[in-house]
Amino acid sequence: MLKKKKTSVFLSALVLFSAGFVNCAQELPLKELALAKSQVERAERLSAEEYAPEEFSEAKKSLVSANEFAAEEKASDSKKSADYAISKAYDALEKTLPKLAAKSREEAVAAIDAADEAYASEYTPEEYKKAVAARDAGETKLAQADASLASYLREDKDETAKEVKRTVALQEYEDAHNQFQEASKISSEAKKVALEKSGGALLKSADEVDALLDKAASYSKAGNPAIDEEKARVASAREDIQAGKLKTADEKIKAARLASASLLQDSIKDHAKNRNAQAKEVVEDANLRFGELNAETYLKSNAKESYASTQENLGASNESLQASGNLLEQDKFEDSIAQSEEAIRLAEISIDQIETLKGKTNVAKKDRTAVETDSDKTTDTKDSNQTSSSQVEELSGGWKRYTVEKSNPADCLWRIADREDIYSDAKLWPRIFEANRKTIRNKNLIYPKQKLNIPPKTGKIGKAPKE
């Protein structure tokens, strides 16, 4: 760089020096000196020192000699040196420009490819088109230059015509070089803008596909290698985005999105079928157990309300199972899954109620065949009270912990809230529901042995203590 700077300063000094001869030595070859200077400077600007160091060095030395002869008013020697400087400058350019144009072409092609990878054609279409047009113009000029240079090399009769052809070829190479440089510049700017515009959008798209794949994985309990493959594809797309390869990233994300939709559908379908089959087993079990009960026995006893409640839950369970099957046939898989879950929930409640009814029947039979003593009654009462009190555990900060039990009527949030040792107010059941949202998905569904955190009767609910 320093060497080139010194050369430029030196050549500038030469032109100032030669300009002084205009008034005192008109016979000096001023035209040749000016042309020699301009062509040596041109060769320097186009990196002839790198591609044709010998020719460029000769041209520069001859230019210096031409100016020195001019200073000594040796017009003939000055002209010879100037002509030689021009000739060597052209030789240097002839060797330099084809190589320089080829190099700048490679750079332009690479820059446009990089812009294309950054989706410049999508996000900065006008600039991208300008870059492509500049490259194409460079290609045209390069082809013309090659043809002109070949014509120059074939010319062996007319020296004047030959020099004209060489001059034309050199100019065409330089024009091609300039077009390629312009293409590279525009492409770089287009790439920068495209990256700023599209990077965030693609990352958002990748997040959406990942969410679909995560959902598919949640339904595919046994695992699915195809889901893992698409997750890896999305991860690769994220790496491409970071590397500025947005077009490649977009293609990967689109492919993964298409695959994820199919995988999710298949996973939901399989899960819906499996859950429907599970629901059938549980509901059939509940139906068989209920069929073993003697309806007349319960309808004539104080357990008739429990029997009716069991029958109602079981009927609803069968209805949900039927709905699940119908929805499955209609390919409404998520709705089918929801109905299967409801069928299982109601069937399990029914089974608990059935077992409770059976227990009460056994106790009733025992009561009719055995005579209780006063001490037995006292013990039973104590046990009952202990069981009731053991359902409620005192915690810090006014919180309590309640253990759901099988009972008649069945435990539910409003009945728990209405207990004297809880709130004594059934309307406060939403406080219990709010405090246990992580474990209660349906406010109408709680299970025996389930532990519920009971917040204080008033004030902000907050979080339950850990102990």
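A residue counts as partly exposed when its relative accessible area falls between the buried limit of under 20% and the exposed limit of over 50%. In this predicted model, lysine 252 has a relative accessible area of 24%, so it is partly exposed. Its salt-bridge partner is aspartate 240, with the closest N and O atoms 2.7 Å apart. Aspartate 240, at 10%, is buried.

That pair belongs to a set of 32 salt bridges in the structure. Another one joins the side chains of glutamate 208 and arginine 257, at 2.9 Å from N to O. Glutamate 208 sits in helix H8 (residues 159-219) and arginine 257 in helix H10 (residues 246-291), so this contact ties together parts 49 residues apart in sequence. Both ends are partly exposed, glutamate 208 at 37% and arginine 257 at 30%.

Helix H8 also takes part in a link to helix H13. Lysine 215 pairs with glutamate 334, their closest N and O atoms being 3.2 Å apart; lysine 215 is in H8, glutamate 334 is in H13 (residues 333-369), and 119 residues separate them. Lysine 215 is partly exposed at 33%, as is glutamate 334 at 40%.

Then there is helix H12 (residues 304-329). After H12 comes aspartate 331, with a positive phi near 65°.

Conventions: Residues numbered from 1 in each chain as written. Predicted model: local features only at pLDDT ≥ 70, side-chain atom pairs only at ≥ 80, totals over all residues. Heavy atoms only, no water. Helix = DSSP H or I, 4+ residues; strand = E, 2+ residues; numbered from the N terminus. Salt bridge = Lys/Arg side-chain N within 4 Å of Asp/Glu carboxyl O. Buried < 20%, exposed > 50% of the residue type's maximum accessible area, 1.4 Å probe, protein only.
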